[in-house]
Amino acid sequence: MRGDERRLKQALLTQFDLSTALEIPCFTSHDHAEAIEIEYDPTRTSFGQLLKIFFSVAHDPTELNMQGPDEGTQYRSAIFPRSVEQARVALAYIDQLDTAKAYPAPIATTIELNRKFFAAEDYHQDYLTLHPTQAYIVINDLPKVAALKRLFPELYREEPVLVMAKGVK
């Protein structure tokens, strides 16, 4: 999710994370993952609702170590819960989807509890908003924004929450 998560009405802040592999050409680590951090108000939306969006809009959760055209362990499907309760809810949700055969293959999403979030460099933040005509964005990310708007119109906002506008680093 590079831009769709920033259009959630309940999102207070999202940041893009490339973890510890930043600024090192051709660096491959089995530990880091491209991820986003979503701050939200649990009195307005639930962790379960975020999971529903994640599994409906973000990517194909059955793909192992890939997101669209990008391949490698840093592109794995992963959820980084902040508590044991969030991990439990995420595992239960995945079990429900697998039991219902919601996807043609088993879900490959991992649950990785208590992982530290490292914000990516500024030039990665708000990338979709700043580069809406870039080919990768048009092909891979704008369809996700459209899906969010179509599938969750009550949660969609036209103006995304921007990291750099908030001065977050």
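On one side of helix H2 in this predicted model, Val 84, Gln 96 and Thr 99 are exposed. The buried residues of H2 lie on the other side of the helix; they are Gln 86, Ala 87, Ala 90, Tyr 93, Ile 94 and Leu 97. After H2 comes Lys 101, which has a positive phi, near 50°.

A search of the whole structure returned two aromatic pairs. In one of them, the ring centres of Phe 54 and Phe 55 are 5.0 Å apart and the ring planes stand at 85°, so the arrangement is edge-to-face. Phe 54 and Phe 55 are both buried. The other pair is formed by Phe 55 and Tyr 93, with ring centres 5.7 Å apart and planes at 35°; because this angle falls between the limits of 30 and 60 degrees, the pair is classed as tilted. Phe 55 belongs to helix H1 and Tyr 93 to helix H2, so this pair ties together parts that are 38 residues apart in sequence. Through these ring pairs, Phe 54, Phe 55 and Tyr 93 are linked into a cluster. Phe 55 has a relative accessible area of 3% and is therefore buried, while Tyr 93 is among the buried residues of H2. A further aromatic ring, that of Phe 118, has the charged end of Lys 116 over it, 5.2 Å from the ring centre.

Thr 62 is located in the loop between H1 and strand S3 (66-67). With a relative accessible area of 18%, Thr 62 is buried, because the cut-off for that class is under 20%. When neighbours within four places in sequence are left aside, the residues in contact with Thr 62 are Tyr 103, Ala 105, Pro 106, Ile 107 and Ala 108. Of these, Ala 105 is 43 residues away from Thr 62 along the chain, yet their C-alpha atoms are separated by 6.0 Å. The side chain of Thr 62 also makes a polar contact of 2.6 Å with the side chain of Asp 60.

A distance of 8.7 Å separates the C-alpha atoms of Ile 36 and Phe 117, which are 81 residues apart along the chain.

Taken as a whole, the protein has four helices and six strands, and their order along the sequence follows the pattern β-β-α-β-β-β-α-β-α-α. Of the 169 residues in the protein, 46% are buried. Among contacts between residues at least 6 apart in sequence, 75% join residues at least 24 apart. The pairing of Phe 55 in H1 with Tyr 93 in H2 joins parts of the chain 38 residues apart, and the contacts of Thr 62 include Ala 105, which is 43 residues away.

Key
Residues numbered from 1 in each chain as written. Predicted model: local features only at pLDDT ≥ 70, side-chain atom pairs only at ≥ 80, totals over all residues. Heavy atoms only, no water. Buried < 20%, exposed > 50% of the residue type's maximum accessible area, 1.4 Å probe, protein only. Helix = DSSP H or I, 4+ residues; strand = E, 2+ residues; numbered from the N terminus. Phe/Tyr/Trp six-rings, centres within 6.5 Å; stacked < 30°, edge-to-face > 60°. Lys NZ or Arg CZ within 6 Å of the ring centre and 35° of its normal. Contact = heavy atoms within 4.5 Å. Polar contact = N/O pair within 3.5 Å; in protein donor to acceptor, adjacent residues only side chain to side chain.
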